[in-house]
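Keep the viewer open and follow the elements as they come up.

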Amino acid sequence: MDTTILPPLILAILGPTNTGKTHFAIERMLGHGSGMIGFPLRLLARENYDRVVRLKGRAAVALVTGEEKIVPPRARYFLCTVESMPLDRPTNFLAIDEVQLAADPERGHVFTDRLLHARGLAETILIGAETIAPLLRRLVPEAEFRARPRLSTLRYAGFKKITRLPPRSAVVGFTAAGVYELAELLRRRRGGTAVVLGALSPRTRNAQVAMYQAGEVDYLVATDAIGMGLNMDIDHVAFSSVVKFDGRRHRALEPAELAQIAGRAGRHMNDGSFGATAGLGGLDQEIVEAIENHRFRPLKTLYWRNADLDFSSPASLLRSLSAPPPRRELVRARNADDQLALAALAGDEEIAKRTKGIPGVRLLWEVCQIPDFRKVLAESHTGLLKRIYGFLTDPQARLPADWVGKQIARADRTEGNIETLTGRIADIRTWTYVSHRVDWLEDAAHWQARARAIEDRLSDALHERLTQRFVDQRAAVLVRKLADKAELLGAVNSKGEVLVEGQFIGRLHGFRFLPDETAVREDGRALMAAANRALRQDIAGRIARLETETSGTLQIEEDGTISWAGAPVARLAAGTGRLEPKIEPLISELLDPGSRERIRACLDRWLKSRIERVLAPLPGLTDQARTGAVRGLAYQLTESLGTLPRRVVASAIDALKPAERKALAAMGVRIGQETVFIPALQKPPAIRLRRTLWAVHAGKKPLEFDPSTLVLPAEKSVPAAYYLACGYRLTDGLAVRAERLEKLANAARKLARQGDFAATPALAIVGGCRTEELGALLAGLGYRAKKDALGVSFHRAPKRGRGKGVKKPPRAGNNRRPSAPDGPFAVLRDLVPPK
């Protein structure tokens with residue numbers, strides 16, 4: 001029996017995107033009793049963790065990243081980020097994904113260390129692009145190389161305007177601002193887009209990708225974050241730029257980097273295409289040929305950092321980190337964030353006092369490796385690390401729970417815009433990382449759960465903000481339907497909202513359609529056709545409801561518009577008389593001549609009823625008259641909308657017989673000393689309607705004022721006829737309600753019989769005015785002011801034509817009974833005429 005022990009197998013599986021390399025590695029791992037794979041992204045580790053859990057069960061699978069650790073006691077398969085691989089756990093199988101990232105200036109040294117030293121007991125697989133093949137042959141000569149061809153074809157499609165890109169396209173930019181600008185354009189012109197940035201949390205990124213995959217949007221705008229691991233149904237990738245900032249300088253992307261991104265188009269056996277936007281103007285032919293043929297210049301060097309560290313002192317640790325690489329294929333990595341943080345803290349006197357022996361230096365190095373997800377100023381992050389190290393070197397050797405709680409609580413807010421929420425997610429990710437250092441915290445599980453819950457809430461809020469800003473759900477649905485050339489279905493709901501394919505595009509306001517300002521403008525003809533079909537079906541029923549309207553939702557507005565449930569449906573126009581305005585339904589494309597006539601007739605009946613009710617008894621006043629004298633006075637009152645100065649009709653009044661005066665009183669007409677008016681029309685509802693009817697007939701804009709006001713300043717530009725139609729009399733720059741002027745005239749006349757009288761507050765109450773306004777009102781009634789040592793008093797001015805010293809003979813019947821205690825003149829008892 002042959003008992004030869006075979007050496008561990010090392011495979012290098014190299015090839016372009018869409019070759020099934022990762023799928024192959026997972027299948028190989030599950031063929032072993034235990035295994036571990038290191039991925040370049042937390043997102044990829046989580047995605048493949050979920051996949052293996054479905055196959056092997058949760059108890060057998062672990063997830064290990066800097067911010068998330070799920071390690072069941074009997075876990076056999078570990079899905080990790082490359083930095084977090086627990087290499088102290090031996091496994092039969094081990095794989096490293098995207099090993100060509102060993103050439104990355106920021107993280108390359110970690111990948112280099114893993115491909116040189118991380119091994120499975122039975123099998124190791126190095127997965128990556130063919131560009132690393134020459135270096136792997138020299139650095140890992142024992143590896144067996146297997147090339148895998150792409151499963152589909154990738155071809156160049158030239159350049160197009162963004163708005164002309166086909167559905168299922170991804171547009172690539174290399175700055176957040178550029179991505180947002182592209183997304184805004186696609187929202188306006190194509191209904192919306194999903195957005196993928198490196199700064200998004202995995203939960204937010206997954207939600208955006210899920211929205212795209214579900215067909216809720218047909219476009220994706222992203223940075224080069226889509227270049228790895230996001231397997232989506234993308235048919236076309238369009239570059240808006242080929243230059244990016246790599247943390248130190250702006251540089252053109254290498255063809256291999258462009259290919260990594262372009263390779264997202266066409267997955268499995270489906271062919272894909274790539275190209276550029278019109279703004280970029282196309283790609284160089286050499287780049288196009290390199291991407292189409294998967295031929296790129298091989299990598300010449302990989303980044304390396306010494307892993308054999310000297311922890312005897314901070315200075316020794318820094319020197320060991322700066323050690324030169326052992327081979328010419330390797331170059332020393334630039335100083336990473338952890339090394340820069342160590343250099344800063346090593347020079348701090350307080351830190352130097354606390355750093356004691358190898359354990360202290362090891363702890364300092366562990367603290368310096370806390371990632372700066374926030375990408376804030378170096379001083380700020382270094383200050384946080386110093387605080388953490390200070391707590392860990394105190395006698396308690398733990399981070400205080402109240403301090404940690406305050407730090408975490410600062411990020412636990414979901415209000416704010418996209419940039420604010422992105423910053424908070426970066427902040428909480430730092431604390432998620434810290435919470436997984438179980439030796440630094442009491443009850444680390446509590447802080448892990450709390451940090452994860454906060455990150456989830458922030459991620460959901462960020463997804464919501466991205467969707468609100470960059471996806472017009474209405475437009476997205478409509479654009480897809482239009483693209484399918486399907487007939488759009490429209491409807492009008494009970495609120496008057498016009499829906500096309502369930503999406504709000506406007507509102508039926510009365511009998512007019514008001515399109516939403518943000519409605520999709522492209523293919524508007526198809527949208528309006530669908531809307532009009534639904535609207536015309538609804539209009540007939542709406543007219544029928546108007547004809548049976550009894551709920552009081554019809555109103556006459558100040559400007560003569562008739563509104564129904566708050567929506568204008570018609571306007572008043574001058575008719576044959578002030579009480580007979582015409583009804584003109586508002587113009588609407590939805591109304592044919594027959595419908596307009598039905599609306600006009602319906603509103604005309606309603607208006608006549610309203611005028612008869614609110615202005616009673618005015619509309620039928622002339623018909624009630626039984627004599628010519630009464631009919632003539634009734635006609636003049638009707639024409640003036642219920643108010644006449646007595647002097648205008650003095651001769652007609654003088655000619656009235658006692659029976660005719662009695663008839664007018666029975667008809668609701670009061671003949672006062674100053675005014676002939678109808679008291680029932682002095683109420684606010686009647687005043688509102690009177691002023692509107694007068695303005696409509698005169699073709700003028702009504703003066704707006706509170707109709708409950710008894711005295712108001714008169715506008716010089718407003719004709720006296722307007723105030724009269726409203727029930728007011730003009731006197732010396734003031735407009736006074738007719739019935740108040742009568743009360744004031746009667747009170748003043750009573751006082752004047754006793755001699756001169758003062759303008760007292762009690763008299764102002766009778767006139768419904770302020771005391772300082774009494775002078776103007778009394779002057780209008782024919783009283784003159786006289787000022788003496790006792791103040792200002794008023795007396796009746798003598799009428800013209802009466803000689804000096806000739807007194808007016810007393811009228812018969814002046815010996816009247818005192819007024820009733822509750823009568824309108826009861827207040828005059830308290831008035832004391834001046835001596």
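The aromatic pairs come to 10 in this predicted model. A pair of aromatic rings is described by the distance of the centres and the angle of the planes. Take Y180 and F470 as one case. Their ring centres lie 5.5 Å apart, and the planes make 25 degrees. Planes under 30 degrees apart count as stacked, and the pair of Y180 and F470 is stacked. Where do Y180 and F470 lie? Y180 lies in helix α5, residues 176-190, whereas F470 lies in helix α16. The pair therefore ties together parts that are 290 residues apart in sequence.

Helix α16 spans residues 444-470 and has another partner, α6. Two packed helices are described by the angle between their axes and the distance between the axes. For α6 and α16, the axes come within 8 Å and cross at roughly 35 degrees. The crossing of α6 past α16 is right-handed. On the α6 side, the contact is made by P202, R203, T204, A207, Q208 and M211. On the α16 side, E455, D456, S459, D460, L462, H463, L466 and T467 take part. By class, this contact of α6 with α16 has 5 nonpolar, 5 polar and 4 charged residues.

Next comes a sheet. What is the order of the 6 strands in this open sheet? The order is β9-β16-β13-β10-β12-β11, and the pairing is parallel. β9 (154-160) and β11 (194-196) stand at the edges. Each has a single partner strand, so one side of each is left without a neighbour in the sheet. From one strand to the next, the twist averages 25 degrees.

Look at one pairing inside that sheet. Strand β10 covers residues 169-172, and strand β13 covers residues 236-239. The two run parallel and are joined by 4 bridges. For V171, the bridge partner in β13 is A238. Helix α6, residues 202-213, packs on the sheet. There α6 touches β10, β11 and β12 (219-222). The direction of α6 makes about 145 degrees with that of β11.

Now compare the setting of two other helix pairs. Start with α1 (residues 21-30) and α2 (residues 42-56). Their axes come within 12 Å and cross at roughly 40 degrees. α1 and α2 are therefore oblique to each other. α1 passes α2 in a right-handed crossing. From α1, the contact draws on T22, H23, I26, M29 and L30. From α2, it draws on N48, R51, V52, L55 and K56. These residues divide into 5 nonpolar, 3 polar and 2 charged.

Then turn to α9 (residues 314-321) and α10 (residues 337-346). They pack at an angle of about 155 degrees, and their axes are 10 Å apart. The crossing of α9 past α10 is left-handed. P314, L317, L318 and L321 of α9 meet Q339, L342, A343 and A346 of α10. By class, that contact has 7 nonpolar residues, 1 polar and no charged ones.

β28 and β29 (residues 675-677) run antiparallel, joined by 2 bridges. In β29, V676 is the bridge partner of I671.

Two backbone details close the walk. Most residues other than glycine have a negative phi, and most peptide bonds are trans. E98 has a positive phi, near 55 degrees. E98 is found in the loop between β6 (93-96) and α3 (108-117). The peptide bond from A616 to P617 is cis, with omega near 10 degrees. P617 lies in the loop between α19 (593-614) and α20 (621-624).

Definitions and conventions: Residues are numbered from 1 along each chain as its sequence is written. This is a predicted model: local features need pLDDT of at least 70, side-chain atom pairs count only at pLDDT 80 or more; totals for chains, interfaces and linings use all residues. Side-chain values use heavy atoms; hydrogens and water are left out. Two strands pair if DSSP finds at least two bridges between them. Axes are lines fitted to C-alpha atoms, for helices over the stretch in contact, and angles run from 0 to 180 degrees between N-to-C directions. Contact means heavy atoms within 4.5 Å. A crossing is left-handed if the near helix is turned anticlockwise from the far one by less than a right angle, and right-handed if clockwise. Ala, Val, Leu, Ile, Met, Phe, Trp, Tyr, Cys and Pro count as nonpolar, Asp, Glu, Lys and Arg as charged, and the others, Gly among them, as polar. Rings of Phe, Tyr and Trp (its six-membered ring) pair if their centres lie within 6.5 Å; planes under 30 degrees apart count as stacked, over 60 as edge-to-face and the rest as tilted. Angles under 35 degrees count as roughly parallel, over 145 as roughly antiparallel, 65 to 115 as roughly perpendicular and the rest as oblique.
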